[in-house]
Amino acid sequence: MRIPHGLALLFAGWLGLFGCGLAVAMPGSPAVSEPARALEGIPLIRNYSPEAYAAGSQNWAVVQDHRGVIYVGNSADGVLQFDGNHWNRIPVPDRSVVRSLAVDESGRVFVGCVGNFGYLAPDKLGRMRYVSLLGSVDPSLRGFADVWRALPSSKGVYFLTNATIFRFSHGRVDAWRAKTSFHLAFVVRDRLYVRETNVGLEELVDGKLRVVAGGERFATEKIYVLLPWSEPGSGKPGLLIGTRDNGWFTFDGSQYSPWLTDAAAALARDQIYGGLWLDNGSLAVGTLQGGVYLLDRQGHQIGQLRRSDGLINDTVFAMYEDREHGLWLGLDNGVARINIASPLTYFSPNSGLDGAVLSIGRFAGSLYAGTTKGLFQLHADDDGNAHFSRVKGLEGQTWAMLDTGASLLVGNSYGIYAVNGTDSKPVSTGDAAAFVMLRRHAQPSRIYVGSDQGVLLLQRDGSHWKNAGKLPGISSQVRTMADGSGRHIWLVSADRGVLRVTLPDSGGGTASAAPVIEHFDIPQAVSARLDEVFIYRINHELRFFTSTGVYRFDRNLKQFVVDTHYAKLFSDGPRLMSLLHEDRQGRLWSDMADENDTFEVAGAAIAGPQGDYHWDARPMEAIAGLEVSALHVDADGVVWVGTEDGIYRLDSAVPTHY
């Protein structure tokens, strides 16, 4: 966090390793080009392996009850119950595969097994148990195999088998037999549709299965997606139909029209298996070979999440959106939850990053990431995926960046380089490792560089920068600097602590024009290490952050005093804030840790009406515990967070209900 020499990998197992897939664009937002969308990252994914939930590998259904508890239909161990922390198994007869689940309006969970169907109910101790409805089925209709669908409606819950559709309502089970065999069934706008082999698409009307207008076209064509649809502007209710071999159609009740999508070839290749309208208006399409595709209403692909993007498995048997707008996936090997609605997205090492991220900056519209192994530029590759390309000529730990207008100056363990695009030129190398760079408004032609050997000076020479020596009087490591008032700069020296440097009238700072250097203690911060004092300019004033509180320098008293606006920032005592960036709304985005580094979290300090700050960790709660080593805030409020396992992107302008 503060001096990220050795960064710990704390979170990869929890989130999985994410890749370079496309971000999810929110429908209704302004149109975003494919390259720009790629640069938004991918949603966070949490994977649950069979070892995590201690049951079979395949999972065929996912639902959530009215309490928020998740239920999963498992291939070998009945129904899995998950409360957000613990997994529990609910047995079903013969330990059969649970193919289907449904929740009715009362919140009761219904279960479709092999040769059986029923519901879950609490026993005397409140533990959920399976209750069979097989006793209510006519004996002549028993002996069926898989119950492939459980579908709730106002008329009851339908259970689909290959030979029979059952409906349970008010303690009674009714049945409809297939002439040939049923494939899949769907409930759309409270109406039951089913595709029957060699018959076509049928609807249950007045207690009888009737072929819908033109439904014979699906007699030999399997339907895997059937969802509500209305033509834009018309409002007329219709259907969106997805087939595996012959593409997509819309149906207005009498006429079928092709629904064109730019993902048609990919979906055909990866074999669609199901579809789901998400609350944000996008369409999630599950496939057997390519994970989940995300489409907008016009059929444009706006994302894909697959194994290379962090999913534990590419074969999607079931999808369900929970009440927090997380997309649950039942997979051929495990369970996953994708945080589709979150403004927090991710770029993994799979996107081209090499090494732990130490610094983040922008130049000429491009994002750059400095890592333990060099400097990388973010762009969209030829396939439209986000990719970080290595900047040539820059290797080693890269700590600092400064946009000078004409070029990006980069400080790393081998010196200072000027970068333009993906090329670099050395400015001052071989002398010292560069950690921080300061360009004062009063001296635009000079740059002060905090290094492991004191403060280096760069002087502009035409359109280039050159080494101008060192600032006399400081020889130890400097990792934080800030521009003060007048001729003052403030810095923290590893062996002397907080220093105020008064530059000569000439604005120099060479051996022939030595500065005045004054040391100031922060008496109240006696427990703070010298290298754990950070200086930031907040609302045009300097503040000094330590593990025991935030201080300001009183020029009249010539000493540090506690800034009371930060006194109640953390309810259980002061915390050390570092990597601080103030956005245009005055929020202080930062990384926070306790004095012993036992817990770390990124978030924002937000000022109230009286100027007193409070801490809000909710935007970054999903990555709490990760060791943050870099932080950057764009002018539009997008926050970039660098860690050992990649970069997280937070769009702070997206309204979020926590």
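**Notebook: salt bridges and the core**

I looked up R337 first: at 19% relative accessibility it counts as buried (under 20% relative accessible area; exposed is over 50%, partly exposed in between; 1.4 Å probe, protein chains only). This is a predicted model, where local features need pLDDT of at least 70, side-chain atom pairs count only at pLDDT 80 or more, and totals for chains, interfaces and linings use all residues. Residues are numbered from 1 along each chain as its sequence is written, and side-chain values use heavy atoms, without hydrogens and water.

Which residue pairs with R337? I found D322, in a salt bridge whose closest N and O atoms are 2.9 Å apart (a side-chain nitrogen of Lys or Arg within 4 Å of a carboxyl oxygen of Asp or Glu). D322 lies in the loop between β27 and β28 and R337 in strand β29, so the pair ties together parts 15 residues apart in sequence (strands are DSSP runs of E, at least two residues, numbered from the N terminus). D322 is buried too, at 5%.

I then checked D309. It forms a salt bridge with R306, at 2.9 Å between the closest N and O atoms. D309 is buried at 0%, while R306 is partly exposed at 22%.

I noted the count: 24 salt bridges. Shared partners join D77, R89 and R95 into one network.

Last, I turned to the largest nonpolar core, which has 34 residues (buried Ala, Val, Leu, Ile, Met, Phe, Trp, Tyr and Cys joined through side-chain atoms within 4.5 Å). Its largest share, six residues, comes from β19. I241 is among the residues with the most contacts inside it.

Terms used
Helices (H or I, at least four residues) and strands (E, at least two) are DSSP runs, numbered from the N terminus.
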